[in-house]
Amino acid sequence: METPLADRDERLAALLMDAGRIEHSTIERARLIAQTTGDSLPLVLLKLGMMAERDLAMALARCHGLKLVEQDAFPAQAIPGLSLSTRFLREERVLPLALTDDRLDLAMADPGDDFVRQSLAMIADVPVVLHVGLPTEIEQAIDRLYGSVQATEDQMDRTHNAAEDEGFETDIERLRDLASEAPVVRLVSRMIEDAIDLRASDIHLEPYEQRLRLRYRVDGVLQDGEAPPLRLKSAIVSRLKIMAKLNIAERRLPQDGRIKLAVRGSAIDLRVSTLPSLFGEGVVLRVLNQDQLSLEFGALGIGGKTLERLLEGLQRPNGIFLVTGPTGSGKTTTLYAALSRLNEAGTKIVTVEDPVEYQLDGVNQIQVKPAIGLTFANALRAILRQDPDIILIGEIRDLETARIAAQAALTGHLVLSTLHTNSAAASVTRLMDMGLESYLVTATLNGVVAQRLVRRLCDACKTPYAISRSFMISWA
């Protein structure tokens, strides 16, 4: 005999498949995992990134005949008269919305959990009215109304008292054990989830003598996040290294790696870079959200005559086309947009990158691995024997790579690449400064694009501003 929750999961699966939100094979795989782990079907779908959380929340609301409550309907202050554990609210993903003499309104990520509903009905001593909320928004509201991850940090205090002894850093096995403990795992997961919620492009973890600083780069500007405990710096860095498949025993040299994971239904890539400093290893994670990637030039802000000239350069059968600009300005994204435009059945495209940031169907992508001798130059030599039409080089860093790129352009290939310069004109000087002969630059360089990131104005609060003529003259 099926339980009410199992019956609900069947109806939920039918709703999702009827709406075309998920395939039958995916549902069956999620069911098997749910049976093995004991988790509910909605939780498995979210954990494995099989569903976007808003789509799942709407399906749950329809399945239970409830309303989906938006974040702006959440209370401005914690509900008085309810003494609830922050850990309980967070683990069960439930938020009290309002309490009156005859009812308690709750927002739940999974309204099928009768235990939570009955428990809160007993505590409040009134009937409970359920609503469906997005897990992300519920967790943010719990942080705002009931404090941050204090319960988790209290558990860390009890778990890691011995970690205050600096001697533990020399014990690699113990460090690996600490990095795998639940409190550290949750802390790292929360750090990444917060970055996604803020739409941050980078996460910066910086150790100092008296504190561990956490910052997020949002719209090009760094802003402080909730700092983790200083005593856990080695465990947190080790956790990130384990996720990125780096050597946790090596703390004297910089390391680079990559983490792929699903966060609330979105496929996320994290480029991880560690750097030894005076007080420990600093870590920077570049956040690449595959679901937010748009490979259309219009979505990137490229249009008009600029787009016409860019397409003119891309339509040439051979030569070198460069995109320049400072680190993090979106050069690689622009090149991916170009590849998306050029990717046709009659064209073979091969890329050599460090790292491969986004995966493109129909494009042969190679990850550089200097540790085994697979450098840009060596990969390019092999690529030229693969009969490509278009070659993308992640970055021209040295003379050897520049010369092979020029040779490829001279032998009938279109070569796309990036270069670190402050302007388009400076790219010519940069190539010649590397040692590339001037006649090769003249013969192969088709065009150069220089780009910057521009901060966007908020659609809700932006207002027009008229610039005076005197101001324009002063800047002329």
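Lysine 245 follows helix H11 and has a positive phi, near 60 degrees. Helices here are DSSP runs (H or I, at least four residues), as are strands (E, at least two), and both are numbered from the N terminus. This is a predicted model in which local features need pLDDT of at least 70 and side-chain atom pairs count only at pLDDT 80 or more, while totals for chains, interfaces and linings use all residues. Residues are numbered from 1 along each chain as its sequence is written, and side-chain values use heavy atoms, with hydrogens and water left out.

Let's step back into H11 itself, which spans residues 233–243 and is mostly covered, with 9 of its 11 residues buried. Buried means under 20% relative accessible area, exposed means over 50%, and partly exposed lies in between (1.4 Å probe, protein chains only). Among the buried residues of H11 are Ile236, Val237, Leu240 and Met243, and the list also includes Lys233 and Lys241.

Helix H4 (residues 53–64) makes a friendly check on geometry. Its 12 residues, at 1.5 Å a residue, should span 16 Å, and the end C-alpha atoms are 16 Å apart, which agrees. The expected span is 1.5 Å times one less than the number of residues. In H4 the buried residues are Glu53, Leu56, Ala57, Ala59, Leu60, Ala61 and Cys63. As a reminder when you look at such a list, an α-helix has 3.6 residues a turn, so residues three or four places apart point the same way. Just after H4 comes glycine 65, with a positive phi of about 70 degrees.

Now for the charged side chains. The structure holds 19 salt bridges, each being a side-chain nitrogen of Lys or Arg within 4 Å of a carboxyl oxygen of Asp or Glu. One of them joins arginine 215 and glutamate 206, at 2.9 Å from N to O. Arginine 215 sits in strand E5 (residues 212–218). Is arginine 215 buried or exposed? Arginine 215 counts as buried because its relative accessible area is 17%, and glutamate 206 is buried too, at 16%.

The two side chains also make a polar contact at 2.9 Å. That term covers a pair of N or O atoms within 3.5 Å; within protein, one must be able to donate a hydrogen and the other to accept it, and residues adjacent in sequence count only if both atoms are side-chain atoms. Leaving aside neighbours within four places in sequence, arginine 215 is in contact (heavy atoms within 4.5 Å) with Asp202, Ile203, His204, Glu206, Leu222, Gln223, Asp224 and Gly225.

Arginine 381 belongs to helix H14 (residues 376–384) and glutamate 400 to helix H15 (residues 399–410), so the pair ties together parts that are 19 residues apart in sequence. Arginine 381 is partly exposed at 35%, and glutamate 400 is partly exposed at 40%.

Another salt bridge links arginine 397 with glutamate 395, with the closest N and O atoms 3.3 Å apart. Here arginine 397 is partly exposed at 39%, whereas glutamate 395 is buried at 18%. Elsewhere, Arg90, Glu139, Asp143, Arg190 and Glu193 are linked in a network of salt bridges.

Finally, an unreviewed UniProt entry annotates residues 384–398 as "domain: Bacterial type II secretion system protein E". Over residues 384–398 the chain is 7% helix and 27% strand, and the end C-alpha atoms are 18 Å apart. UniProt positions are given in the numbering used here, feature names are shortened, and annotations may be inferred rather than shown by experiment.
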